[in-house]
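Hello,

Here is the structure we talked about handing over. Please open it and read the notes below beside it.

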Amino acid sequence: MTADRPRVALTMGDVAGIGPEVCARACVDPQILAAVNPIVFGHPDVLERAVQLLQLRRSVQPIDHVGDAETSDDTITCYNPGSDDVVDVAPATVDARAGRAAYDYLVAATHAALDHQIDAIVTAPLNKAALRAAGLNYPGHTEILAQECGVSDFGMMLYMPPGENVLSPHGLGVVHVTLHTSIRSVPDLLTTTAIREKIGLMQQFMQTMGCDPPRLAVCALNPHAGEEGLFGNEEAGIIAPAVVAAVADGLNVTGPLPADTLMQRACRGEFDGVIAMYHDQGHIALKLLGFESAVNVTLGLPIIRTSPSHGTAFDIAWQGTARMDGMQQAVRVAAMLARGS
Ligand SMILES: NC(=O)C1=CN([C@@H]2O[C@H](COP(=O)(O)OP(=O)(O)OC[C@H]3O[C@@H](n4cnc5c(N)ncnc54)[C@H](O)[C@@H]3O)[C@@H](O)[C@H]2O)C=CC1
Ligand SMILES: NCC(=O)COP(=O)(O)O
């Protein structure tokens with residue numbers, strides 16, 4: 001930490017998307033600057049372009065080493081671990097150069113965090129198609145982070161802090177057992193072991209947030225939790241044994257429960273953490289509850305990583321209209337975690 005503020009890397013993500021704009025806005029936002037000392041990991045010329053677009057009246061200060069970052073709220077500090085070729089990337093296009101650079105920013109930030117040069121990473125979005133175009137076969141940040149950190153038990157959680165739509169005093173986390181995969185493949189990828197692991201990750205996270213013991217609930221896969229086997233038997237065969245195992249280990253966990261009503265029960269404060277079986281099961285609920293306030297947190301890492309829940313938004317990129325409250329919330333949660341909640 002520098003003085004009393006955690007040092008937070010903001011990775012720029014895909015330069016063709018809204019990442020540079022939300023990073024630039026974040027670096028001049030008084031609430032963010034009160035909470036953290038930000039360093040953008042990205043190209044300084046691209047950042048400068050975003051600063052000009054948004055008329056932010058700050059200069060970009062490129063640094064050669066992460067350790068060179070000096071605390072100054074008059075400038076935006078920028079470290080570039082990537083190539084210069086991203087300056088030619090056109091807005092709102094899938095470009096391998098942008099995919100490669102987004103990866104380079106993330107990997108450099110990850111190692112800076114592992115080396116304790118920074119206290120947390122907040123990632124602006126990358127474009128998965130651009131990543132693939134660069135020959136980088138990862139579904140997203142989560143798997144890159146896990147690989148660089150050398151962990152195999154990890155998970156992607158959306159976290160909503162307590163508020164109007166989430167009544168639990170410690171907020172609501174939703175972790176996903178399967179993630180970026182076809183719906184067709186989900187049933188075959190669900191295993192009792194994987195579900196039990198995600199229950200454990202959720203338990204740890206909510207404890208970190210000061211919620212002990214957390215009240216956890218596990219979603220069913222099928223409508224009405226399979227309706228006694230009428231609509232599928234993954235509940236009885238795969239999901240229930242994971243819940244039984246977790247209860248035997250002393251956790252306060254229930255399920256599998258019908259996912260539609262479970263989500264609204266959780267919002268009303270009945271549960272602190274939910275284990276969703278697939279991407280949209282968790283994402284639709286939380287993005288409806290609060291697109292701007294849902295924060296993506298990677299569980300199971302030895303470092304802190306958060307992210308806004310939105311993507312690269314090519315439809316509005318480089319128009320100066322991208323909202324930054326998602327980024328603001330992600331920074332706030334990163335700062336809380338860096339301070340030990
Ligand atoms: N953490 C990450 O790196 C994430 C990356 N993505 C990637 O982003 C790309 C686009 O994904 P989509 O599904 O289209 O979702 P998206 O979040 O980029 O866009 C969905 C809609 O929300 C709007 N929107 C998103 N962020 C906004 C903001 N800050 N201010 C105002 N409006 C905003 C967009 O204009 C669009 O209409 C994909 O390649 C996807 O994989 C998606 C989510 C997270
Ligand atoms: N839908 C969430 C998403 O795409 C973010 O994934 P990641 O880049 O955080 O792994």
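Which residues are the closest to ligand 1? They are Pro-125, His-310, Gly-311, Ala-313 and Arg-323, among 19 residues that surround ligand 1. A residue counts as near a molecule or strand if its C-beta atom, placed from the backbone, lies within 6 Å of it. The shell around ligand 1 holds 7 nonpolar, 9 polar and 3 charged residues. Here Ala, Val, Leu, Ile, Met, Phe, Trp, Tyr, Cys and Pro count as nonpolar, Asp, Glu, Lys and Arg as charged, and the others, Gly among them, as polar.

Before the rest, some conventions. This is a predicted model, in which local features need pLDDT of at least 70 and side-chain atom pairs count only at pLDDT 80 or more, while totals for chains, interfaces and linings use all residues. Residues are numbered from 1 along each chain as its sequence is written, and chains are lettered from A and ligands numbered from 1 in the order in which they are written.

The sheet: 12 strands form an open sheet with mixed pairing, in the order E3-E4-E2-E1-E5-E12-E11-E6-E7-E10-E8-E9. Strands (E, at least two residues) and helices (H or I, at least four) are DSSP runs, numbered from the N terminus. Two strands pair if DSSP finds at least two bridges between them. Strand E3 (59-63) and strand E9 (253-257) are the edge strands, each pairing on one side only. E9 runs parallel to strand E8 (residues 216-219), and 3 bridges join them. In one of these, Leu-216 has Val-253 in E9 as its bridge partner.

The helices: H1 (residues 19-26) and H3 (residues 44-53) pack at about 70°, with axes 9 Å apart. Axes are lines fitted to C-alpha atoms, for helices over the stretch in contact, and angles run from 0 to 180 degrees between N-to-C directions. H1 and H3 are therefore roughly perpendicular (65 to 115 degrees). The contact involves Pro-20, Glu-21, Cys-23 and Ala-24 of H1 and Val-46, Leu-47, Ala-50, Val-51 and Leu-53 of H3; two residues are in contact if their C-beta atoms, placed from the backbone, lie within 7 Å. By class, these residues are 8 nonpolar, no polar and 1 charged.

Gly-19 is also in H1. Gly-19 counts as buried because it has 34 C-beta neighbours inside 10 Å (the cut-off is 20 or more other C-beta atoms within 10 Å). Beyond its neighbours within four places in sequence, Gly-19 contacts Met-12, Gly-13, Asp-14, Ala-124, Pro-125 and Thr-312.

Regards

Definitions and conventions
Parallel < 35°, antiparallel > 145°, perpendicular 65-115°, else oblique. Buried ≥ 20, exposed ≤ 12 C-beta atoms within 10 Å, placed from the backbone.
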